[in-house]
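Dear colleague,

I am handing over the structure we spoke about, and below it you will find my notes on one of its chains and on how that chain meets its partner. Please read them with the structure open beside you.

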Amino acid sequence: MDVIQSLLGGFSIALQPLNLFLAFIGVLLGTVIGMLPGIGPINGIAILIPITFALALNPTSMLILFAGIYYGSQYGNSISTILLNVPGTSSSVATALDGYEMSKQGRAGPALAISAIASFIGGTLAVVGLMFFAPLLAQWAIEFGPAEYFVLIIFTFSMLSALTGKNFVKGLIATVFGLMLATIGLDPGTGIPRYTFGMLELYDGLDFVVVTIGFFAVSEVFMLIEQSRAGQETMQKVGRVMISGKEFAASWWVMIRSSVLGFLVGVLPGAGATIASFMAYSVEQRIVDRDKTFGAGDIRGVAAPESANNASVSGALIPLLTLGVPGSGTTAVILGALLALNLTPGPLFISQNPDLFWGLVASMYIGNVMLLVLNLPLVGVFVKILLVPRWILVPAVATISYIAVYAVNSSSFDLILMTGFGVVGYLMRKMAYPVAPVILALVLGPLMETNLRRALSLADGDWTILFSSPLAIGLWVMVVLSIALPILTRTTPVDALAPKDADKTLDRDDVPPHS
Amino acid sequence: MSDRVTAVLLLLLAMGFGYAGWQFTTSFFSDPLGPRAVPLATAASLVPLAVYLWIRPEQKADWPPGRTWLPLGIGVVGFVAYALVLEPLGFVLATTLFFIVFSRLFEAKLWQGTLTGVLLSAALYVVFVWGLDLYLPTGQIFERFF
């Protein structure tokens, strides 16, 4: 079998001491980053990018590290959700509904256990999916010419805008703002400077690390300063991190179904872990909640979102690796890092870089096992980290952000720019704008423009090229639908999907932006 | 209210962005679209969005109570000041000062912030400069000692 051969090759790469070490560091940092409210995988990866560049890590090792942070954070986020009722990332908001309820009833141990097991099942099943479907999708992706790429990117923008916030128009405004930031610098086509105001620092364009850390980490520091007078949350007792055979049996099919659902949702552009977890929760509520126990501490209400959000991570890697078009903020940041290393993911990426793809897949199998060990017997160690006072944690995060941004160009200009974006990001978040579309547009903006101009060059300026293939027309139809539906129904999928009681949690300030 | 103010600002941004984008022309050969089409389209797409925001503003923005603006202001000034003193004072001293200010914002005692700041900035310097081989400024004011 081809797959088995390739996978064995992948394991020989993933088991190299450096890669094994990086997978461990990735999942360890991911768990901590996911757990700490305010720091999500976007921040974590953005901060590590300059460091991995400085260390001259090879792309495979870098991807193993970043993916570890990404899926590791989906394990860690449930710890603070269950114990403190403070979702570590937005994708664990649905977990809070039953998870915190369970811990209030003194069943925090079983809640943590099922969340680790569900995360493991979701994570592992989705890697199987990634392994089989990514090469298939890559073959299909060869159909994509510049015109189709252009429409696909437009579709990604409209989907992310529709799916991230409560207000679709604000999502689009955030996207357009990101596109504006993306045009700063030398025009790739003609080499003339655009929006540089004569500043040499801007000729290379804005570095996405500076923008990302500003929008996510610095704005988060301001959010936390605002809440600094709110007082510390009370932590529930952990107890024994175990579940009974009966509880496991009750959750088994829930976890399998939610994993498949989460994986499929993850593949869609714009719909990431958060949407996946909400969908899984409401679907399972309809299928298995006969006694109306969801929301009252039902263990299946923890199993569903936790397996779905982990599964969505592997799903989200598929469009990133096979089309080069990420669908979420976190995958956009990973794409930015790959592009900076002159690696352009696309239809031929997997076949031309088999070591990278199969090494990554193998490392994800290993990483999920590591995470199961870290999150089941060792969860007590992580809980201690939640006890670190805010007055150490927040300045420490700010300082590490500074080191990372300074490492990009060794310039104070970048630091001031970063602070500026932090202020803008803070204001946007206070006015209910999603910030992930800004990052996605910043990374995809140049790709969108290049593909549009290439398509029109090939067609000698004939605009009908954008509507000439069935694939392009199909994508346009989806663009129209994704824009028309939320406007006509005046509701966003987030509203439609969110379980009734989630509103209280969703409106809270302390839930970090979508990642 | 906040949404309406934003709508006006966005319209101004669209106009400024479009006006500046109009100047991007080249005399030499270029692709059919040239460098200004996408910036102009981007600016144009902001106009209907801003108009929509003006027509249909949301109830209210979630602004913090008045007393938190002071710590927020200190936070912003602290960030900018940190950027400005990083190279003259060097990483360790600048970070310690930054840490003292920021830990005070989170109601730590002065000695707690100072002690943690000194230890943490030294530890981070060791990890990032000696361990990970990144460059961090040692400080212009210390240069004559070396």
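Two residues are taken to be in contact if their C-beta atoms, placed from the backbone, lie within 7 Å. On that basis, and bearing in mind that this is a predicted model, the contact between the two chains takes 57 residues from chain B and 53 residues from chain A. On the side of chain B that touches chain A, the elements that give two or more residues are helix H1 (2-22), helix H2 (37-55), helix H3 (69-89), helix H4 (91-105) and helix H5 (110-131) of chain B. The largest share of that side comes from H3(B), with 11 residues.

As to chain B itself, its secondary structure amounts to 5 helices and 0 strands, so that the order of its elements, read from the N terminus on, is α-α-α-α-α.

Chain B has a radius of gyration of 24 Å, whereas a compact globule of 146 residues would have one near 15 Å, and its C-alpha atoms fill a box of roughly 60 × 50 × 25 Å along the principal axes. Of the 146 residues in chain B, 33% are buried. Within chain B, if one considers the contacts between residues at least 6 apart in sequence, 56% of them join residues at least 24 apart.

With best regards

Notes. Residues are numbered from 1 along each chain as its sequence is written. Chains are lettered from A and ligands numbered from 1 in the order in which they are written. This is a predicted model: local features need pLDDT of at least 70, side-chain atom pairs count only at pLDDT 80 or more; totals for chains, interfaces and linings use all residues. Helices (H or I, at least four residues) and strands (E, at least two) are DSSP runs, numbered from the N terminus. The radius of gyration is taken over C-alpha atoms; the globule rule is 2.2 Å times the number of residues to the power 0.38. A residue is buried if 20 or more other C-beta atoms lie within 10 Å of its own, exposed if 12 or fewer, and partly exposed in between; C-beta atoms are placed from the backbone.
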